[in-house]
Amino acid sequence: MTNHILLVEDDPKLTEFITSELCLEGYRVTVAQNGIDGLTTARQAQPDLLILDWMLPGLSGLDICMRLRSTG
């Protein structure tokens, strides 16, 4: 089971909804609100799963994914 999820989302209402639903299901959720913070948090926290918004300030979700994959 996935325990720690990183949610990278810049819409506060959507972030609140997704976070509350995941927490109700027993997941630990960390939130980043822009692409640069999301990339930094992903590298430091090493979550089990990433949920990435496609269009983010700083870096897109696709950019985050490609950078993480390129560094292993």
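Modeller: Start with the buried residues of helix H1: Thr15, Thr19 and Leu22. Bear in mind that this is a predicted model. These three cover an arc of only 70° around the axis, which puts them on the same side of H1.

Now the helix as a whole. H1 runs over residues 12-24, 13 residues in total. From first C-alpha to last, H1 reaches 18 Å, close to the 18 Å expected at 1.5 Å a residue. Turn to the face away from the buried side. Exposed residues sit there: Lys13, Glu16, Phe17 and Leu24.

Look next at the two ends. Asp11 caps the N-terminal end of H1. One of its side-chain oxygens lies 2.9 Å from the backbone nitrogen of Lys13. Just after H1 comes Gly26, with a positive phi of about 100°.

What do the buried residues of H1 pack against? They pack against three strands: E1 (4-8), E2 (28-32) and E3 (49-52).

Those strands form an open sheet in the order E2-E1-E3, with parallel pairing. E2 and E3 stand at the edges, each with a single partner strand, so one side of each is left without a neighbour in the sheet. Neighbouring strands are turned by 20° against each other on average, direction ignored. E1 and E2 pair in the parallel sense over 5 bridges. Within E2, Val29 stands opposite Ile5. H1 packs on this sheet and touches E1, E2 and E3. The direction of H1 makes about 165° with that of E2. Helix H2 (residues 35-45) also packs on the sheet, touching E1, E2 and E3. The direction of H2 makes about 165° with that of E1.

Go back to one residue of H1, Leu22. Buried here means under 20% relative accessible area. Leu22 has 15% relative accessibility, so it counts as buried. Which residues does Leu22 contact, leaving aside its neighbours within four places in sequence? They are Ile5, Tyr27, Val29 and Ile51. Take Ile5 from that list. Ile5 and Leu22 are 17 residues apart in sequence and 8.7 Å apart in space, C-alpha to C-alpha.

For another helix, look at H3, residues 61-70. Its buried residues are Gly61, Ile64 and Leu68. Seen down the axis of H3, they fall within an arc of 60°, so they line one face of the helix. The face turned away from the buried side of H3 carries the exposed residues Arg69 and Ser70. The buried residues of H3 pack against E1, H2 and E3. After H3 comes Gly72, whose phi is positive, near 80°.

Gln46 lies in the loop between H2 and E3. Most residues other than glycine have a negative phi. Gln46 is not a glycine, yet its phi is positive, about 45°. Is Gln46 buried or exposed? Its relative accessibility is 62%, so Gln46 counts as exposed.

Technical notes. Residues numbered from 1 in each chain as written. Heavy atoms only, no water. Helix = DSSP H or I, 4+ residues; strand = E, 2+ residues; numbered from the N terminus. Expected span 1.5 Å × (residues − 1). Buried < 20%, exposed > 50% of the residue type's maximum accessible area, 1.4 Å probe, protein only. Arc of directions from axis to C-beta. Contact = heavy atoms within 4.5 Å. Polar contact = N/O pair within 3.5 Å; in protein donor to acceptor, adjacent residues only side chain to side chain. Pairing = 2+ DSSP bridges. Axes fitted to C-alpha atoms, helices over the stretch in contact; angles between N-to-C directions.
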